[in-house]
Amino acid sequence: MSARILVVEDEEALCALLDYNLGKEGFTVDVRKDGEEALVAMLEQKPDLILLDWMLPKVSGIEICRQVRARGETRDIPIIMLTARGEEDDRIRGLDTGADDYLTKPFSMTELMARVRAVLRRTRPTLTGDVATFGDIILDRETRRVRRGGREVHLGPTEFRLLDCLLQRPGRVFSREQLLDMVWGRDVYVEARTVDVHVGRLRKALNARGERDPIRTVRAAGYALDETYGAAV
Ligand code: CA
């Protein structure tokens, strides 16, 4: 399961490079070429991090940064600004406006990945850590093992990704469409009710001993991890 990164950049070549390299690292990437589009996109689906170019058509990077910080629903999204060499003043202004970090172009992909991971580690530790814990459930991304109350839970790859997805934000309701995007990917056609089938399998494996179900079905909305479960165990 991966963090969602919104790339706001108008240089085609750099967009393609970022899309490819971030995708290869397992991130879900959404590329927008101008500020207006970016603002719409982040309200539709909240990214975990924004890579924001300084010089953009229509709405400048600094203005986007300001707007992201001004809105309640986007305020906490971390931002890494991309600035051209020599725009030192801009860089400082960017940090003043609320950017979390900046990179000066041209930068290496290795450097970019290191910064992205560092910012995500700080802001969303459950996304980048190898182990996610929820109540007595432990999911280890490195060994791809899941345990509940010390017992090993055997999950298929889809159920593993589903659980990992729900673990990103316990309590948050994920719609079937969001889960399809995150677990199966955007380019795959899968019916929404497939999600129900796999949630059913996940439940069966997790709650094998008639244990309390940590997954909440929210009618007409989707699925969530029951945060009262995480707190109770
Ligand atoms: Ca630009």
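Here are my questions, each with a reply.

Me: What should I know about the model before I start?

Reply: This is a predicted model, where local features need pLDDT of at least 70 and side-chain atom pairs count only at pLDDT 80 or more, while totals for chains, interfaces and linings use all residues. Residues are numbered from 1 along each chain as its sequence is written, and side-chain values use heavy atoms, with hydrogens and water left out.

Me: Why is Asp-164 called buried?

Reply: Buried means under 20% relative accessible area, exposed means over 50%, and partly exposed is in between (1.4 Å probe, protein chains only). Asp-164 has a relative accessible area of 1%, so it is buried.

Me: Where does Asp-164 sit, and what makes its link to Arg-141 a polar contact?

Reply: Asp-164 is in helix α7, residues 157-168. Helices here are DSSP runs (H or I, at least four residues), strands are runs of E (at least two), and both are numbered from the N terminus. A polar contact is a pair of N or O atoms within 3.5 Å; within protein, one must be able to donate a hydrogen and the other to accept it, and residues adjacent in sequence count only if both atoms are side-chain atoms. The side chains of Asp-164 and Arg-141 make such a contact at 2.8 Å.

Me: What makes a set of residues a nonpolar core?

Reply: The members are buried Ala, Val, Leu, Ile, Met, Phe, Trp, Tyr and Cys residues, joined through side-chain atoms within 4.5 Å. The largest such core has 27 residues, and Leu-163, Leu-166, Leu-179 and Ile-215 touch the most other members. Elements giving two or more residues to this core include α7, α8 (176-184) and α9 (192-206). Helix α7 gives the most, with six residues.

Me: Which residues does Leu-166 touch?

Reply: Contact means heavy atoms within 4.5 Å. Not counting residues up to four places away in sequence, Leu-166 touches Phe-174, Leu-179, Leu-202, Ile-215, Tyr-223, Ala-224 and Leu-225.

Me: Why does His-198 count as buried?

Reply: His-198 has 11% relative accessibility, so it falls under the 20% limit and counts as buried. His-198 lies in helix α9. Its side chain makes a polar contact with the side chain of Glu-159, at 2.5 Å. Leaving aside neighbours within four places in sequence, His-198 is in contact with Thr-158, Glu-159, Leu-162 and Trp-184.

Me: Where do the domains come from, and what is the buried area between them?

Reply: Domain bounds come from an automatic or database domain assignment. That assignment gives domain 1 (4-125) and domain 2 (130-225). Buried area is the accessible area (1.4 Å probe) that two parts lose on being put together, summed over both. Domain 1 and domain 2 bury about 480 Å² between them, 23% of it on carbon and sulfur atoms. In domain 1, Arg-4, Gln-45 and Arg-124 lose the most area to domain 2.

Me: Why is Ala-220 called exposed?

Reply: Ala-220 has a relative accessible area of 87%, which is over 50%, so it is exposed. Ala-220 is found in the loop between β10 (215-218) and β11.

Me: What is the phi of Ala-220, and why note it?

Reply: Its phi is positive, about 60 degrees, although Ala-220 is not a glycine. Most residues other than glycine have a negative phi.
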